[in-house]
Structures are given as C-alpha cells and as structure tokens.
Amino acid sequence: MGSARRAAGSVRMEVIIPVHLHRVDNLAGNGKPSTPPYHVAMTASTQSPSRPAPRSAPQPFGDHLRHWRQHRRLSQLDLAHEADISTRHLSFVETGRSVPSREMVLRLSERLDIPLRERNALLVAAGYAPMYRERPLDDPALASARQAVELLLKSHEPYPALALDRHWNIVATNRMVPHLMAGADASLLQGPVNVLRLSLHPKGLAPRIANILQWRAHIFERLRQQVAATADPLLAALLEELKAYPVPEEAMGEHLEGEHPGVVMPFLFRTPAGMLSFISTTTIFGTPVDVTLQELAMETFFPADDFTRQALQALAAQAAQA
C-alpha cells in the first residue's frame, strides 16, 4: 500500500502497507451512498453503467499508439528512445507497415504509462488477447483485496471512509458517511452516487463547505490531472459539468487565509454539530494486474482538530444507541 495525502489540510506523505495499496492525493468528495455499507456493498462491481458503448469498428493499433504518444506529448524520437527501439520501426508500427509483437505492445504501454483498461484495448487492436482481467469485487479471485478494503473501512470508524471507482462513484462506505451526508437532495443520492457531483452541486453539499471557492479550484485541478493521465472522456465531461455549477451566493466573498494550495488545502464542513475540519487520504492498489483493482480508490477522513474528533466520536456513540 503506498502513498498518502490530505483534504482539510491535504498533506502528502509516503507509507508502505502490506496489501499493496498505495496512498495518493485526494479529492474529498462526500456523499450519502445509495448502496449499503461495506459489509454488503463490497459485493458490487466497480464497473460504471455509464461506460461508453463499444466502437462499431475497431481502431487500428497505430491510431491507438499515436493518440497516447501525442497525449503524453512525446515525439516518435522520444518514445523510441524510451522503448529502446529505432524511430524507423516505431514509425512503421504507427502507420501499420509493421505489426508489433505482444511484448512490444506491452513495452510501449509501460513507457507511455497507459492505464490497464487501455492496455487491453491496445492488445486487442494489435490482434492479441487482453492481458488484464476486469472482475467484480465479489469474484473469489479478489477475496483478499475485498477483505483488505472492508477492513480499512470498518477499522476507520468513528471517522468517515468510502471506496470509489474511477469516475468517483461510490462503491462502498463505512457507517459514518451517511450520517454526515444527510440533507443532500434525493436526486443526487440515486446510484451510482458521484461524490464530486454531490460535493459541488448547489443542491448537494456545496452550501455546507465553508471554503467552497478554494475547494472547487482544488477539485478542478485534480480532475484535470486525472484526465491528463487517463484520457478518459467521461472524466473530461464530468469536469466541464462541475465547472458549470453555480457557486453558493454566500461563498462569493469568502476566502480563508493561511492556505497553501498544493501543500495544504483545508476542507471545512458545516454541520449541526458545528464546523468540522478534515484531513483525508486516498488509497489505491499499488501494483494491480486487474483493471478493477487499479481503478478502485479508498478515501479516508481524519479529524484535523480536537473539536472535530469529539464531534465524530459523539455522532458514532449516538448512532450506536439508535
């Protein structure tokens, strides 16, 4: 497991944890899930129902390769050097004059840092079988990974934690998340629940985020980085949708001092119990060979001050007595 991050005061750190989960920077999206907590929801698939329909005609391998090379802003010379092949051979592969070996497809994919889902697409385009499987989390082969995620969700209580797919849709949560997300419009809580949409929508949690202007900017930057890394059109569309949401009028003149974007980004959340301040981390699998695992992320929230810690402990105690 490996690299951690922050939210209410997003602070980057590196941690090594046994199950090959890797912690990275977070977008502290929140939301009451329409799915049950971890003990039931982890049987759900992380496949998004909004995935684009397959193309009617397969795209040639050379077109795939050119797209990713240009997306990574590399010349043929640059990529040929990285992959330790001749520029002439790479040019022949891109134009279809040469058929790449399976090993060549994998080497180029590795050098271009292409996501596993898209590596499968390149393999198929080159005439080979997909290498990376995509299985629902209730598949017996993913039992150890599922148990690791369930353990993290449950053990993080009384603090909130949730698991997300590649499009920021909720896969599972612990029992604290729904209590904090009460009050959002019901239309935003229909599955799949998207935490970014829920966070910034005017009928969602946006009016309750005290530093909403800075938080919006933080989310937009993270999504831009994710689009650059994955070239995912659905993420690009989500970014444009979020940017079109109006900002709550009460937030227009509000600006919190003492923030250092890129180092610390406070996430301050108004609740009936008072202002809660969070630090959060996002955890992903560090060395996956399964599409589902590569695209699964865990988001865990920590109290950034004593007041928040006590408020969450009190909320958990009330929930236990209910």
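**Terms and their grounds**

Tutor: Aspartate 113 lies in the loop between α5 (102–111) and α6 (116–125); helices (H or I, at least four residues) and strands (E, at least two) are DSSP runs, numbered from the N terminus. This is a predicted model, in which local features need pLDDT of at least 70, side-chain atom pairs count only at pLDDT 80 or more, and totals for chains, interfaces and linings use all residues. Residues are numbered from 1 along each chain as its sequence is written, and side-chain values use heavy atoms, with hydrogens and water left out.

Student: What is noted about the phi of aspartate 113?

Tutor: Its phi is positive, about 55°, although aspartate 113 is not a glycine. Most residues other than glycine have a negative phi.

Student: Which class does alanine 231 belong to, and why?

Tutor: Alanine 231 has a relative accessible area of 23%, so it is partly exposed.

Student: What makes strand β6 (residues 267–271) largely enclosed?

Tutor: Four of its five residues are buried, so β6 is largely enclosed by the rest of the structure.

Student: How do you know that β6 pairs with strand β7 (residues 274–285)?

Tutor: Two strands pair if DSSP finds at least two bridges between them. Five bridges join β6 to β7, and the strands run antiparallel.

Conventions: Buried < 20%, exposed > 50% of the residue type's maximum accessible area, 1.4 Å probe, protein only.
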